[in-house]
Amino acid sequence: MPILKVEAVTKRFGGLEALRDVTFSLYDGQIKALIGPNGAGKTTLFNLMSGMDRPTAGHIYFGGKDIGRLAPHQASRLGVGRTFQHSKVFDDLSVLDNVKVGRHAKSTAGLLSAFFTLPRHRRDERSISEHAYHALRRVGLEAKAEEPAGGLPMGERHVLEIARALATEPRVLLLDEPAAGLNNEETDQLAESVRRIRDQGITVLLVEHDMGFVMDISDEVVVLDYGRKIAEGPPLMIQNDEEVIRAYLGEDLN
Amino acid sequence: MVAFLRRHVAFLAFAVVMMGLPFFTSNTYYLSVLAFTATRLMTSLGLNLLMGQAGQISLGHAAFVGMGAYGSAILTTRFGMNPWLAMVVAAVVAAVVAGIIGIPTTKLKGHYLAMATLGFGEIVLILLIQVKSITKGTDGITGIPSLAIGNLVFTQYNPRAMHLLLWGVALLMLRMSLNLADSRVGRALKGLHRAEVAATSLGVDATFHKVQAFMISAVFASIAGSFTAHYVQYISPGSFTLTFSVLLVTGVVIGGLGSIWGAVWGTLVMMILPEYLKQYEDATNLVFGILVIVIMIFLPGGLVSLGSALGKLRTRVGGRDRRAADTSDPGSLEGNARRPGGAA
């Protein structure tokens, strides 16, 4: 059974059809890529999967449960983690504190515990710190734990978003253009991180324009064009698919 | 660790100074100014939590102070309720009202939230004036009993005890606010304020935490109102107007929204400066107006950021020659120029 299943999903914004009857599945332990020209509906699909928006028609099943109408925090608590195409780190918080927010739903200390630093607050804070450091180590950002997140270069901001999402202990991680703004060396490091994350049992779905990165890392690729799925399969098959080549006319998939 | 220690030193030093003051002066006028400063600080701390941490605004906070003051006044003078109990009941009512109006209004942002809370403040004020059978309208309520513990009665004629009570509570609220800022709930609020979608994608329930912050700020304001009512022993609607709401926000902004200490500095300036300006009659509002403008332009972090702003200025001025020699140093100028935009 797939861990995540997108079933006949359509999304309309007024008269604009951003997604039309899109169906595909994500299987446990996969790295899958979602590609397509700008405006193909990739981020829209991410928003639907993470509760930021609701499908006009169709369903999104996560572990058998329809998550299409959940609020973002509910989707997150079920195990859908995500990053954002346009950086959304908390600029004036430290790198570590950014990741600590990711432990929110995994800890319980409420208002009274916080006001009076009750034992539960202290227990929670210890566990939150440990897990947050662990998440930073997983992406190699632990050396910058105390720095303000706003000072990080673009690439590391995305890596921080990955650490933050990892801290929520997701089962599926949605990465929205993680390689944007990275140089070749950084992209290789990112690929290494993503593979490591997958090896730790987290299924990855990523949107990316860097075709070298996509073809190198993905087990399978889904191609969207004008809101419709035009191809799905292993990278080699996608690279030779005529309709995909037509959609990407002028862009070299190899 | 150092930051942790420094925070505690700051709090302890402030607490010792404030609690020690009545032992160095018995001037009842000074002590009464300080008493009002304590109650204002209680309200400011709640508002700082709401505006600075959670990023919400309230232009109707006078209403919650009024609900505390009137709640205490009505429950004690009409129903003979124990003042301490009345204070708790009034605070619970304020919390419930904040919860009810918070659920729809905290979904609003910016100007819309400001307008909604402003409207709420005006409605409460109109009720205080018009429901004369309960509030006695513009006449106000007199004969509000004093707070007491056994034989110890807290009145204006016992300013030292009054001071210790009010500042004890204000300092407790300050400690609570500082603790909250550095907790799971505090970080959730900061996350919501900085990038709401990101925080919710990390499992933070936006509505729950915003409404909760609104309720806390209402409770702090209500308690401040109750203490004021028992201290002055007379209240009237004129104290809970939009002007007061605006003054409350002004104090919090002048002090600085980025830190809990902003509420402290803002309150001290707002309460003590007018005492010096009294001799110039109408100068107070003028000075506050200018102060707000100057701070907005030159010190957007508020008074609390004065130290670090001066430090930055010094490195900027002094750093010029140094940078010429050492180009590898990423100067503070660059840090200011880089403002990555997180699109909504």
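**Figure 1. The open sheet of chain A in this predicted model.** Two strands count as paired if DSSP finds at least two bridges between them. Go by that rule and 6 strands of chain A line up as an open sheet, in the order E6-E7-E8-E3-E9-E10, with mixed pairing. E6 and strand E10 (228-233) sit at the edges, each pairing on one side only. From one strand to the next, the twist averages 20°. Helix H7 of chain A packs on this sheet, where it touches strand E3 (31-35), E7 and strand E8 (203-207), and its direction makes about 145° with that of E8(A).

**Figure 2. Strand E7(A) and its two parallel partners.** On one pairing, E6(A) and E7(A) run parallel and are joined by 3 bridges; here Val80(A) has Val172(A) as its bridge partner. On the other, E7(A) and E8(A) also run parallel, with 5 bridges, and Leu175(A) is found opposite Leu206(A). E7(A) is mostly covered, with 5 of its 5 residues buried. In a regular strand, side chains alternate between the two faces of the sheet. As for E7(A), Val172(A), Leu174(A) and Asp176(A) point one way while Leu173(A) and Leu175(A) point the other, and all of them are buried.

**Figure 3. The antiparallel pair E9(A) and E10(A).** Strand E9 (residues 220-225) of chain A pairs with E10(A) in the antiparallel sense, over 5 bridges. To find your way around this pair, look for Val221(A), which stands opposite Gly233(A) of E10(A).

**Figure 4. Helix H6(A), largely enclosed by the rest of the structure.** H6 covers residues 154-167 of chain A, and at 1.5 Å a residue its 14 residues should span 20 Å; the end C-alpha atoms are 20 Å apart, so the two agree. Of these 14 residues, 12 are buried, which means the helix is largely enclosed by the rest of the structure. What covers them? Just past the end of H6(A), Glu169(A) takes a positive phi of about 55°.

**Figure 5. Ala163(A) in the largest nonpolar core.** In soluble globular proteins, nonpolar side chains tend to be buried together. The largest nonpolar core here has 162 residues, and Ala163(A) and Ala94(B) touch the most other members. Helix H10 (residues 206-232) of chain B gives the most to this core, with 15 residues. Setting aside neighbours within four places in sequence, Ala163(A) is in contact with Val99(A), Ala135(A), Leu136(A), Arg138(A), Val139(A) and Leu141(A).

Figure 6. Chain B comes to 15 helices and 2 strands, and 45% of its 344 residues are buried. Of its contacts with a separation of 6 or more, 74% are between residues 24 or more positions apart. Which elements of chain B have the lowest and the highest mean pLDDT? Helix H15 (residues 332-337) has the lowest, at 35, and helix H3 (residues 61-77) the highest, at 97. Over residues 321-344 of chain B, pLDDT stays under 50, and the model has 16 contacts beyond four places in sequence for that stretch. For the model, the scores are ipTM 0.93 and pTM 0.89.

Notes
Residues are numbered from 1 along each chain as its sequence is written. Chains are lettered from A and ligands numbered from 1 in the order in which they are written. This is a predicted model: local features need pLDDT of at least 70, side-chain atom pairs count only at pLDDT 80 or more; totals for chains, interfaces and linings use all residues. Helices (H or I, at least four residues) and strands (E, at least two) are DSSP runs, numbered from the N terminus. The expected span of a helix is 1.5 Å times one less than its number of residues. A residue is buried if 20 or more other C-beta atoms lie within 10 Å of its own, exposed if 12 or fewer, and partly exposed in between; C-beta atoms are placed from the backbone. A nonpolar core is a set of buried Ala, Val, Leu, Ile, Met, Phe, Trp, Tyr and Cys residues joined through C-beta atoms within 7 Å. Two residues are in contact if their C-beta atoms, placed from the backbone, lie within 7 Å. pLDDT is the predictor's confidence in each residue, from 0 to 100. Axes are lines fitted to C-alpha atoms, for helices over the stretch in contact, and angles run from 0 to 180 degrees between N-to-C directions.
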